[in-house]
Every structure is written in structure tokens, then in C-alpha cells.
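Here is a short briefing on one helix and a set of charged side-chain contacts. Keep the structure open while reading.

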Amino acid sequence: MSLFVEAFFLQAGYNATLVAIGAGVLGFAAGASGTFPFLRKRALISDAVAHATLPGIGLAFILMVTFGGDGRSLLGLIAGSALTAWTGLLLIEWISRRTRLTEDAAIGAILGTFFGAGIVFLTVIQGMSAGRQAGLEGFLLGSTAGMLFQDALLIAVGGSLAVLVTWLMRRPMTIVAFDSDYAMTLGYDVRRIDLLMMGLVLSVTVIGLKLVGLILIVAMLIIPAVAARFWTDRSTKMIWIAGCIGGASGYLGAVLSASAPAMPTGPIIVLVAAGIFVFSLLFAPDRGVLVTLFRHRGFQARVHRRQGLLALAAHHPIREAYTLRLLTREGLVRPDGVPTDAGRAQAAKIARDERRWDVAREIYQDTGLTGRYDGLTPIEDVFTADEIAELDHQLGPPVTARTE
Amino acid sequence: MGAEFVQLSLIPVLIGILSAVACALPGNFLILRRQALIGDAISHVVLPGIVIAFLLTGVTSVAPMLLGAAGAALVAVGLIEVVKRLGGIEPGAAMGAIFTTMFAAGVLLLDRTDTSTVHLDVEHALMGNLESLVWLQAEGWHSLLDLAILATLPDELVRIATVCAIVVALTLVFWRWLKISTFDEGFAQALGIPAAGLGLGLVVTAAIAAVAAFDAVGSIIVIAMFICPPAAARLMTNRLEHQVAWSVAFATSSATLGYIFAGYGPLWFGSPAAVSASGMIASISGIILGLACLYGPQRSRVK
């Protein structure tokens, strides 16, 4: 536990501090730039982009070694991975635009093919004399052990740029994400904005490759955005919420993995993000599962109450057990189903409401008003007192519930 | 093409072909139903399934691992459905959230488990081990007729052959139902075909094919084979029967050519070391798809 606290306040050594800060910044950038692809319903393109970086890493290594370099220069590997990922992105776009194949088929095809090619290059490298110590496998699942200051710097600069561009382009990207046809009529170049969206994903992917690896970076691009969607209905806010969820998962995940042995950083980060996602799914206001459940129960109770009172007004017996329980609890009926005085009064009120609605629907043809009749809304919510007085006039003298 | 071929290459080629066909057959229907990426999701969640099976049984025997992997695939499909329904999240993102989380859990479990004594690691899961499946007891083509030597065939071949046969049989038995419900689900329901159950059955079949193929050839090839051959076949014809036939042909040729290029290709460039056969098979299937995108007679979007 003390190790956790130490790591949390960045006191657990130089490497752990670098990793925690790097993972936090990377998580923030991934969450923010994953927002719009998710809203555009193209979250899985990031999966293809991430897998398509592998052949680039292999090719860059082979080229650098062939020209006498070390082969492990991070900038070279990143340039190579960005190049093949961009190629994959353009191919997906080309396949789904020019052929009859759907976008998901194009994503899967590019993902499988590029990853296969990447594995071929990796085995070529293993056969090279310089390749035995290449350690390129670290790019599959990420490695934090050898993180250098320049790696953290790369993440900080690249990540901030990705967040900045997302923020600056939020308006066109929002319009394209929700209604690309409308964006086209406004004169936006939808294809370019789509490519920009995915280009941001690509840049976060390549800077995060070394830290979390190409398979798990996909999770950091998708899960924070999905979780953030539960907390807001505004895309601008969602950028920041997704960023914070991603940043928190990155930081907490790195701290957790530093505070115990045999805890790989990448998977822990993803599992923390998944935990936040499950929490959001259950407890978010308005869209969360629990709130939806309560809302549904409330609606059910309103329907049963109203139908029960209408039955009382019409002197029908109430046979439905739930309705009976509901009305008994409110003191409107006795347990044997006989209405109390309060129950009779309520029933008369509901019955009058119902009759007023009947008249209102005959008089007002405007569905904007009478369209709101759903058997639950009190008429006072829709019409003014004057209008209701007019309805009552049409209705004749008020009829009280009969007492026998 | 003598004894050496039978010993070293025949079995991997056969396993490659059978895996490719077993994945490509359900892939045809998945593509037409716009569920192509289910294969991607399944191939990722196989890892946690296998690790959990290993943790429970403590051995790397085949039956529990196949069960674990198939179970994980079903759990994943269920969770994706739950997230889709409860959260109102679009299918792609739900899939992405679930399979990456399960994969991360698998990697974590694997790292926390002592698997140093057994052959169980992420790279093997990704790349497979096609080249090592040799048949050293064979002495030549005549060994194929010798029952005693036939009994020494690698288990992987027997397993993938069984699964491939099951997939072919299921495809033939449910052909009419699959065809109708894939193209017109409403009509299928009107006819009394249990379309929802059929959809789930298709995913389960795909999972079984993926798991069996995964055992021998790794998960990359599985993703590629679910999508590339059927997608290329889709660009060749407008008839489902022809599409399935094309996809089997493409899968077979990818596996054969991929294995040959991986084994002999580096020699042509003067390099002694062979490259990953699974990766090469996936790459060849992609090249075939690329050619189909450029020249396939039915490639265009509008007739």
C-alpha cells in the first residue's frame, strides 16, 4: 500500500515517474482524439490503424540496419509505422468508396493483411544478425522498463498537439460525425475531415506504441470515449471528459503497475479504463443503467396508479395486485379494494382530467397541444387555466364521484 | 517433391488449407451480414479463454483449451450484446471495448501465471507455429497408405480436419436457412426460420473454426481468412453459391502460395532463414483481395 502511495505521488523512482506521467498524458490524448471517431461510429478503424503500424516498424528497422544505422532509433520506427498506418487508412477508405465491400470488411481485411505482413517482417528481422536483440516484440504489448526522457517528451509534445487539433477542429468534426450530408451542404470537405479524425488517432497510436503496444492502444482510443458518452450529450464537453477518463486510467494504471511486481502496465491501464466504463454504464446520470431502471419503475408506477384510479372512478374492482399495493400504500384504497375518501377524491380528479382531455381533443385540432395526451400528463401541464375553464364550460357542470 | 516434401511440407500445407477453408466458409455469411469484425473480436478473446483453461486445469492439453477459448468467445458475444442493449452503444464501439478489455485481462493473467514450463505465450498465440508441424515418421508418398505411419500424423491435422468437416457439414445442412436469413431476415422469420438462433449459431461456428485454426496457425491468419477470401469472392460474382466456391478457392490458394513463399521465398533472395508462414498466408490473401478490388468483375458499387 505504501508503495502505491509513493508511486501515486511520483516518489517511486525516476522510471516509474516517467512512465506514470507519460501514460497519463497519452491516456488524455487518446481519450480526446478517440471521441470523434466513436461519435462517427467508426471506432474500430483505430483497430486497423494500430495493427497496420507493425509492418512499418519492421520495414523501418530493416532499412535503418541496411543503411548502417542502429535500427532502434525511435523516430525512425515511428516514421515507418505512421507511413504504413496511413497507407492502411487510405486503402480502407479506397476499398469502401470504390468497391461494394462494406467498411467493416475493409477494416478487417486491412487489419489482417497488414498485421500478417508485419509478422513476416519481424521474422525476417529475427533472421538478421542485427535483429537478435532488436526487441521489436515490445511494440506488440508495450514495454515500460526502458522508457527514456525523450520517449516521455515525444508523448507529451505529440499528445498535446493531438488534443489541440481536436479542440480547434471540434466544430467541423462534430457536424461530420452527426450529419455528414449536412456538413457537405455547408461546404466542408467530408473526406478530408474524416481523414483528419483518423489521422489524429494515428498520431496518438504511433506515439503510444512503445508504452502500451499496438494491441492495447486500441482500448485507450475506444473505451474512454464510450465511457464519456454516458456523462454528457455535448461533443465539446465529451472531448474533455474522455480525455480525463483516459488520463486517469493511464496514470492510475501506471501507478498500480509500479506498486506491485509482475503487473504489466498496458493491460492494467486498459483494465482501469474498463472499470471506469462499467461504473459509467451503471451509475451515470440520465443514461446509466440504474437511472434508466428507476425511471422505468417510476413510469410503471404512474401508469398503474392512474389506471387504478380510473377504475375506482368507474366503480370497477381492482384485480391487479401491483396496482392494489400501490394505491393501498398511498392510503387511497383499503386492502380489500374499497376506496377511502382520499381515494374517491383522487379518482374524481383523474376522471375529470380524462373527460377534459376528451373535450380538448375534439376542440383543438393542433396536435402540438393534444398530441401530448398520453394518458399520464395532467391537463394543467398543457393548457392554461382560461382554456381549461372553457373546456369545463363545454363539459357542463362538474360531476362528483358518486358516493353510495 | 519426394519424401522430404511429405515429411516437412505436406502437413503444414494441409493444415493451412483446412484452417483457411474452415474460417472462410462462415466468413462468407458474416461479411454479407455486416458482422465481418466478429472474427477480429473472437480471435482476440481466445487468449484469455486459453489462459483461464490453463489456470483451471494446470495442463496445456487440447480439450480444455479449446473449451476455454470457445467459452470466452461466447462470453464476449454475450457481453457485446449486453453493452449494446444496456448502454445504447453502437456495435463497433461495444465490440472494441469488450474485446480489448478481455485481451488485456488475458495478457495480465498470462504475466501473473508461471508459464515458464509450458509453451504458452502471446507471440505464439499471434503467430502460430505452422512450420513446426512436421511428420518425420513419413518416408514418402506411400506412407499415406500405411496405417501404422498414418497414426503418427500430428494431432493438429486431425483436429482441424474434423472441425473443417463439421463446418462444411453445417454449411450444407443449413444452406437454405442461412441464405434466406442472410439476405432477408424478415422473410426468414415469416417462413418460421429461427433467424436469431441461426445468427448466434453462425457466430459459434465461427468461434469453433477460429479456435481450432488458432491452435495451429495463430490468430492473425484467422482474422485474415475470415475476411479476405470471402471479400475477394464477393467481388467476383453475384451468386452466393459461386461466391462460396470462389472463397474456398482463394483460401486454398492463399494457404498454398503463402506457405511456399514463406518457406522458399527467402532462399530466392539468398537468405537462409524462412519467414513466418502464417504472416505470409495472411499477406497473400490480402494481395488476392487487392487484385479482386482492382479487376474483379462485380467490384463496382452500382451495377
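Predicted model: local features only at pLDDT ≥ 70, side-chain atom pairs only at ≥ 80, totals over all residues.

Over all chains, the structure holds 19 salt bridges.

**Helix H7 of chain B**

- Helix H7 of chain B runs over residues 155-173, a total of 19 residues.
- At 1.5 Å a residue, H7(B) should span 27 Å; the end C-alpha atoms are 27 Å apart, so expectation and model agree.
- The buried residues of H7(B) are B:Leu157, B:Arg159, B:Ile160, B:Val163, B:Cys164, B:Val167 and B:Thr171.
- Seen down the axis of H7(B), the buried residues fall within an arc of 165°, so they line one face of the helix.
- On the other side of H7(B), the exposed residues are B:Asp155, B:Leu172 and B:Val173.

**A salt bridge between two helices of chain A**

- A:Asp392 and A:Arg356 form a salt bridge, with their closest N and O atoms 2.7 Å apart.
- This pair links distant parts of the chain, 36 residues apart.
- A:Asp392 sits in helix H18 (residues 385-395) of chain A, and A:Arg356 in helix H16 (residues 341-363) of chain A.
- A:Asp392 has 25% relative accessibility, so A:Asp392 counts as partly exposed.
- A:Arg356 has 6% relative accessibility and therefore counts as buried, the cut-off being under 20%.

- B:Glu81 forms a salt bridge with B:Lys84, at 3.3 Å from N to O.
- B:Lys84 and B:Glu81 are separated by about one helical turn because they are three residues apart in helix H3 (residues 62-87) of chain B.
- B:Glu81 also forms a salt bridge with B:Arg85, where the closest N and O atoms are 3.1 Å apart.
- B:Arg85 and B:Glu81 both lie in helix H3 of chain B, four residues apart, about one turn of the helix.
- An α-helix has 3.6 residues a turn, so residues three or four places apart point the same way.
- B:Glu81 counts as partly exposed at 28% relative accessibility, and B:Lys84 counts as partly exposed at 27%.
- B:Arg85 has 65% relative accessibility and therefore counts as exposed, the cut-off being over 50%.

**A network in chain A**

- Which residues does the salt-bridge network link? They are A:Arg40, A:Arg42, A:Glu103 and A:Asp194.

Terms used. Residues numbered from 1 in each chain as written. Chains lettered and ligands numbered in written order. Heavy atoms only, no water. Expected span 1.5 Å × (residues − 1). Buried < 20%, exposed > 50% of the residue type's maximum accessible area, 1.4 Å probe, protein only. Arc of directions from axis to C-beta. Salt bridge = Lys/Arg side-chain N within 4 Å of Asp/Glu carboxyl O.
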